[in-house]
Amino acid sequence: MAGDAHSNAELNAEVHIPESEHGAGFPPFDATTYSSQILWLAITFGAFYWIMKNVAVPRISGILEDREDRIAGDLSEANRLKEETDEAIAAYEQALAEARNKAHAIASETRAKLKADQEARREKAEAELNEKLKAAEAQIAGVKTEALSQIGDIAGETTSVLVEQLIGKAPTKTDLNKALKSAMN
Amino acid sequence: MANDPIHQFHIQKLFPIEVGGMDFSFTNSSLFMVLTVAAASAFLILSTSGRGLVPNRVQSLSEMAYEFVAGMLRSSAGTEGMRFFPLVFSLFMFVLVANLFGMFPYFFTVTSHIIVTFALAMLVILTVTIYGLVRHGLKFFHLFAPAGVPPVLLLIVAPIEVVSFLSRPVSLSVRLFANMLAGHITLKVFAGFVVSMGAAGIAGAAGAILPLGMTVALTALEFLVAFLQAYVFTILTCMYLNDALHPSH
């Protein structure tokens, strides 16, 4: 390969370019090539900078921004939907609570009404029973009084019959009454 | 002969052009500058032509490059630094593609010439200096007097800062140039060993396995260096731009 360089140098010598200008020695330190390198670097890098600034960078940043916007948009949409869902859940729970309260109210109302009805019926029945009890008691008392009032006559009669059987002669009414009174008291 | 490691850096005139005694010939270096620009532009433009909301492979590669550089610039120079994005992105893509092109056999490595890297470094430094002076006026020189340094120490610190500022274009350009140059020379030397040992009979061919393995490993390393140097060049550009935007540290 160095042979190529050598033959190049010979070629250059033929076309009247001195060896020193071709850069004998270390190529990066060969100052004769600097002007050309700087010029072409300026042209190419300048063009590259222009392309980057006006085409590539705006395009890539546009793509990235679009994606960011899209993601941000999707996230906010998701948030909005979540809020809507939360609202719906809250509304549902409120409705449920209301319904429960109403049911509670209806139940307790019904219970109170039924209780009152029952109470009234019970009181009425009790009153009737009391009345019947009183009537029965009165009847019993009547019967008892009557029985007690008749007991004297029965005792008299029985005593009179017993005495007659014992002594063969019926006692007098006055004696009988006297005897009965002393016995019963 | 075949393993002259310097030969790959020779500039050959393809179309001699001479204006006013100055040589502006279209050389192999110029050709590869054109190829670098064409390939990088074509890739970035064609890969994004679909403008896919969901990127395909090539589009996501372009987006990755964009976001990589944008992240670098934003983290070191802030949102304000984004006004320099086209420049920083161009520098990164140009250096990266030029470095990677250099990895092809028989291709010329544009960035292995100090004048090219120095011109790019000067472009950065001049952008920083001119923008800094236009934007901040004399306050730009606060760059050399960091806040919070006692006045006595300033006598020592300020000259150091001036020297470090002036050495920036040199370090920026020499770092890239030297890495590319040294890498390609090493690669060529080891590959040359393979050829010359292989020519020396069976024992030589067996021994050539060692430099061959070395060449393979170095090729991988050089791909890493190609990317890394583009990254280093760009991140330093971002830091220098930060100085132009915020000179008072």
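pLDDT is the predictor's confidence in each residue, from 0 to 100. This is a predicted model, in which local features need pLDDT of at least 70, side-chain atom pairs count only at 80 or more, and totals for chains, interfaces and linings use all residues. Residues are numbered from 1 along each chain as its sequence is written, while chains are lettered from A and ligands numbered from 1 in the order in which they are written.

**Exercise 1.** Describe the confidence along chain A.

Next, take its elements (helices are DSSP runs of H or I, at least four residues; strands are runs of E, at least two; both are numbered from the N terminus). Finally, residues 1-23 of chain A have pLDDT below 50.

**Exercise 2.** Describe the side of chain B that touches chain A.

Begin with the totals: 36 residues of chain A are in contact with 42 of chain B (C-beta atoms, placed from the backbone, within 7 Å). Then find the main supplier: helix 1 of chain B gives the largest share of this side, nine residues.

**Exercise 3.** Work out how helix 3 of chain A and helix 2 of chain B are oriented to each other.

First, the axes (lines fitted to C-alpha atoms over the stretch in contact, with angles from 0 to 180 degrees between N-to-C directions) come within 10 Å and cross at roughly 95°. The two helices are therefore roughly perpendicular (65 to 115 degrees). Lastly, Ile60(A), Ile63(A) and Leu64(A) meet Ser62(B), Glu63(B) and Tyr66(B) there.

Definitions and conventions. Contact = placed C-beta atoms within 7 Å. Parallel < 35°, antiparallel > 145°, perpendicular 65-115°, else oblique.
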